[in-house]
Amino acid sequence: MSETGKKVLVMDDEEIVADIAQQMLKYLGYEAHIAMTGEQAIIDYRKAFMSGDPFALVIMDLNIPQGMGGVEAVKHILEIDKNAKVVVSSGYSGDPIMREYRAYGFAASIGKPFDIKGLETVIQDALA
């Protein structure tokens, strides 16, 4: 079982983005798990939640060209766990969802590419 509040699920279809996020999270003391699609993120979240070792936070890419993106996936995550903390991430900072993230079920938003300080701040804000 992971240390309480230290397990983070990252959903991003770009392998390099997911790898960098995983390294940053590890540096910040979190155990990061990667899902390449929204569908996989839902499966992984459900499995962890049902096992009694849930993710403290999920960071989801807004747009996944070859699969389910963050807006649709967050709905499913919140059906599994109404208290889930989900952060939306995108390289399109002008997207209205990034500004109005709460209206879509997200706890916070972070623009890509993100730096370690920005990631740390958004995690602390989302988990507060």
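Predicted model: local features only at pLDDT ≥ 70, side-chain atom pairs only at ≥ 80, totals over all residues.

Biologist: Fine. How many helices and strands are there in the chain?

Modeller: The chain has 5 helices and 5 strands. Along the sequence they come in the pattern β-α-β-α-β-α-β-α-β-α.

Biologist: What share of the residues is buried?

Modeller: Buried residues are 45% of the 128. As for contacts with a separation of 6 or more, 62% of them involve residues 24 or more positions apart.

Biologist: Surface and charge next. How many positive and negative side chains are there?

Modeller: There are 12 positive and 19 negative side chains, and the centres of the two sets are 6 Å apart. The accessible surface is about 6900 Å², with 52% of that belonging to carbon and sulfur atoms.

Biologist: Switching to helix H2. What span should its residues give, and what do the end C-alpha atoms show?

Modeller: Helix H2 covers residues 38-50, which is 13 residues.

Biologist: Which residues in H2 are buried?

Modeller: Gly38, Ala41, Ile42, Asp44, Tyr45 and Ala48 are buried in H2.

Biologist: What covers them?

Modeller: The cover for the buried residues of H2 includes strands E1 (7-11), E2 (31-35) and E3 (57-61), together with helix H3 (70-80).

Biologist: And what is the phi of Gly52, after H2?

Modeller: Gly52 follows H2 and has a positive phi, near 85°.

Biologist: Last topic, Ala84. Where is it found?

Modeller: Ala84 is in the loop between H3 and strand E4 (86-90).

Biologist: Buried or exposed?

Modeller: Ala84 is buried, because its relative accessibility is 9% and the cut-off for buried is under 20%.

Biologist: Which residues does Ala84 touch, leaving out those up to four places away in sequence?

Modeller: With those left out, Ala84 touches Tyr45, Ile77 and Leu78. Tyr45 is also one of the buried residues of H2.

Biologist: How far is Ala84 from Ala56?

Modeller: Ala84 and Ala56 are 28 residues apart in sequence, and their C-alpha atoms are 7.6 Å apart in space.

Note on methods
Residues numbered from 1 in each chain as written. Heavy atoms only, no water. Helix = DSSP H or I, 4+ residues; strand = E, 2+ residues; numbered from the N terminus. Buried < 20%, exposed > 50% of the residue type's maximum accessible area, 1.4 Å probe, protein only. Contact = heavy atoms within 4.5 Å. Areas by Shrake-Rupley, 256 points an atom, 1.4 Å probe, with all protein chains shown as cover. Lys, Arg positive; Asp, Glu negative; His and termini not counted. Charge placed at Lys NZ, Arg CZ, Asp CG, Glu CD. Expected span 1.5 Å × (residues − 1).
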